Amino acid sequence: MKAAGLRFPVSGSSSPGRKRRLLRLYYSAAPEPQQEEQPDPCDINGAQFDPELYLNKLRKECSLNELMDQESCMVRQIRSLDSDMQTLVYENYNKFISATDTIRKMKNDFKKMEDEMDCLSTNMAAITEFSARISGTLQDQHAQITKLSGVHTLLRKLQFLFELPARLNKCLELQAYAQAVSSHCRARCVLQQYSHMPSFRGIQDDCHAIMERLAQQLRQKFRDGGTSAKELSECVELLLQLDEPAEELCDKFLSHAQTRLEADLQGLEAELRDSAPIDTDILEFIDRGCNEFVSNLCLVIASYQELFVNRPQEGDKLLVFVDTLAARYFSLVERRIQEEKGVGDNSLLVRALDRFHRRLQAVSKLLPGSAVPSQGTEIVIQAARERIKQYLSALQSFYLDSLTDVRQALAAPRGPPGKEAPPSLPDLLTSLSNSILNQIKSVLASVHLFTAKDITFSSKPYFKGEFCSQGVREGLVVSFIKFICQSSRQFCESAGDRGGSTPPVLLLLLSRLCLDFETSTISYILTLTDEQFLVQHHSPVTAVTALCAEAREAAQKLLNHYVKVQGLIISQMLRKSVETRDWVNTIEPRNVRAVMKRVVEDTTSIDVQVGLLYEEGVRKAHSSDSSKRTFSVYSSSRQQIRYAPSYTPSAPMDTNLLSNIHKLFSERIDIFSPVEFNKVSVLTGIIKISLKTFLECVRLRTFGRYGLQQIQVDCHYLQMYLWRFVSDENLVHFLLDEIVGSAAHRCLDPSPMEQSVIEVICERG
């Protein structure tokens with residue numbers, strides 16, 4: 001059995017190919033590429049499907065249930081195919097109908113075309129037969145006809161030559177110069193070729209004489225000032241065809257063109273000279289220059305290049321010619337632009353510059369090597385720069401005029417209650433700030449016309465970069481802000497104790513304006529400028545922080561000067577009140593002096609004035625008895641010893657020693673220290689200056705007993721009211737204490753008044 005299982009059949013099935021297949025199957029090798037299989041008749045989707053064979057196979061291999069399932073599946077597939085076929089028919093119904101109509105129409109058209117082709121074939125056959133008959137008839141006379149035709153052509157040429165002098169004379173009479181030159185050029189070569197024959201020689205001499213007269217008339221047109229540029233070009237072209245020297249014609253052409261172009265320039269110059277009050281706007285002037293001078297210049301350039309295109313050596317003459325005349329035209333345009341001083345409507349100037357720049361681009365296309373377009377662009381750039389300077393000057397004038405209006409409003413007297421009250425400080429500040437901001441916006445809108453998209457020169461690099469950053473931002477906006485700060489600081493440089501002619505309230509108003517600029521206005525204006533002009537900071541520009549710092553510095557300087565001026569005004573009253581009184585022989589005090597009441601009133605008025613523009617500020621905590629301090633405020637230990645009954649000659653020495661010791665341990669008061677931006681700091685500075693002046697004036701006087709008592713009464717009255725205006729009430733107490741102490745030092749009979757009596761006098765005052 002084992003041997004039988006291993007025996008291989010010896011028949012053809014044991015071929016080497018079969019052995020190889022078995023070995024590959026054993027070693028899991030890749031199967032050989034199979035030969036093309038025969039179509040399966042049982043494949044229902046195949047082309048060789050056999051239904052009977054397929055049914056027999058199903059009956060043999062499948063059970064009853066499987067046959068029923070197969071039947072159900074096949075029924076579903078048939079229904080699906082029917083549905084798909086029906087859908088396909090419905091979807092393509094119109095296409096089927098259209099195809100049917102097309103086929104029917106094609107049948108009719110082809111039938112008609114077939115009849116036409118038959119007719120055409122018949123006609124072609126008749127034409128071929130008729131042509132053959134004509135060729136046969138004329139075959140013998142063809143050579144003779146050709147010969148006669150040549151003779152006829154020659155006779156026509158000879159006739160043209162013999163009639164040429166008469167034809168040229170007729171053209172000369174009719175001034176048909178172009179036709180005469182054309183006719184002569186056609187016959188010139190033939191006449192030259194047969195000039196050895198007498199008849200042709202005579203014709204040639206006559207033609208030369210006539211053409212010489214024609215050339216003389218053409219040359220006369222050069223000397224005729226009324227010849228237009230087009231006629232001039234035609235003359236040059238005809239003379240060139242007559243072999244006139246090109247260099248001489250070139251010079252004459254440019255000379256004649258220069259005469260006409262200079263006439264245009266003289267017309268423009270006369271308009272500038274005669275119209276002192278400008279009758280025509282700049283747009284009309286530029287239009288006239290472009291329509292006359294620039295148009296004629298372009299026509300001259302085009303004609304010159306067309307006539308002398310094959311003579312490049314003459315190109316330098318044209319460049320010099322164009323640049324020389326254009327320089328004169330540009331000088332006139334610059335003079336006219338400089339006369340545009342008004343800054344009301346900028347659109348007219350921008351439109352004129354745009355038209356000027358646009359028309360000059362034609363010169364760059366006709367004459368690429370010319371410097372005219374670049375010079376024109378430079379004029380536009382210079383005009384834009386000058387316009388920015390004019391707008392800056394207008395803004396500065398507007399600001400100064402606004403300050404004048406503010407000063408007049410501040411100086412206006414207050415009318416009776418029934419009349420309209422003058423504007424308050426906050427209203428004036430708001431009005432001034434808004435008017436400045438609106439004017440800047442208006443100027444920016446006018447300047448922005450230079451960068452509009454429909455303006456040709458706005459695409460130039462200057463108007464995309466330097467004009468926006470260095471021109472508008474730096475040259476206009478930043479310069480105007482700096483001007484406001486600088487002009488405001490100049491109010492602090494006025495001579496005189498009272499600050500010159502500048503009202504103190506104007507200093508206060510300007511300090512608040514500069515502070516508002518530092519807080520928000522500068523940042524808003526520069527941001528608006530950067531966004532509106534798309535400013536790109538390729539070159540160094542002024543930083544917002546630097547401008548804000550400059551505005552804050554101006555505000556600080558103005559506020560410091562305001563404090564100084566107001567302090568000096570009050571100090572002047574106190575100084576005069578001390579210097580004009582005899583303090584030794586004065587009477588016993590019965591009331592407070594009027595100047596002290598005036599000091600309190602003015603201080604209260606200043607407090608109200610500053611409070612309208614600045615915030616309150618921070619104060620130190622007040623003591624409960626600030627307004628009812630006893631005289632002990634002014635009677636320190638050194639003064640009690642000075643007033644003691646045991647006053648001895650050595651007492652002054654001890655008193656001075658105690659006073660100096662007391663000053664060493666007291667806080668130093670800086671009278672002219674910078675003030676902060678609030679009401680309390682401003683009033684503190686003013687009161688410090690006033691009381692310090694009072695103190696120094698007291699130190700220069702000599703007092704009697706009643707003079708000292710009057711100083712006591714005045715200082716107590718000031719102490720009752722001034723403490724509430726300052727940041728630290730101890731500052732007022734210390735200065736008033738120094739005043740009374742200095743008066744006691746300078747008193748011949750230092751007998752102080754009772755504190756109760758002082759209080760009664762002050763309360764009554």
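**Helix packing and aromatic pairs in a predicted model**

Helix 24 (residues 705–722) packs against helix 26 (residues 755–764) at an angle of about 60°, and their axes lie 9 Å apart. Axes are lines fitted to C-alpha atoms, for helices over the stretch in contact, with angles from 0 to 180 degrees between N-to-C directions; helices are DSSP runs (H or I, at least four residues) numbered from the N terminus. The model is predicted, so local features need pLDDT of at least 70 and side-chain atom pairs count only at pLDDT 80 or more, while totals for chains, interfaces and linings use all residues. Residues are numbered from 1 along each chain as its sequence is written, and side-chain values use heavy atoms, with hydrogens and water left out.

Rings of Phe, Tyr and Trp (its six-membered ring) pair if their centres lie within 6.5 Å; planes under 30 degrees apart count as stacked, over 60 as edge-to-face and the rest as tilted. By this rule, 17 aromatic pairs are counted. The pair of Phe450 and Phe457 is tilted, because the ring centres are 6.4 Å apart and the planes stand at 45°. Tyr462 and Phe463 form an edge-to-face pair, at 5.1 Å centre to centre and 85° between the planes. Ring pairs link Phe450, Phe457, Tyr462, Phe463 and Phe467 into a cluster.

Note on methods:
Helices (H or I, at least four residues) and strands (E, at least two) are DSSP runs, numbered from the N terminus.
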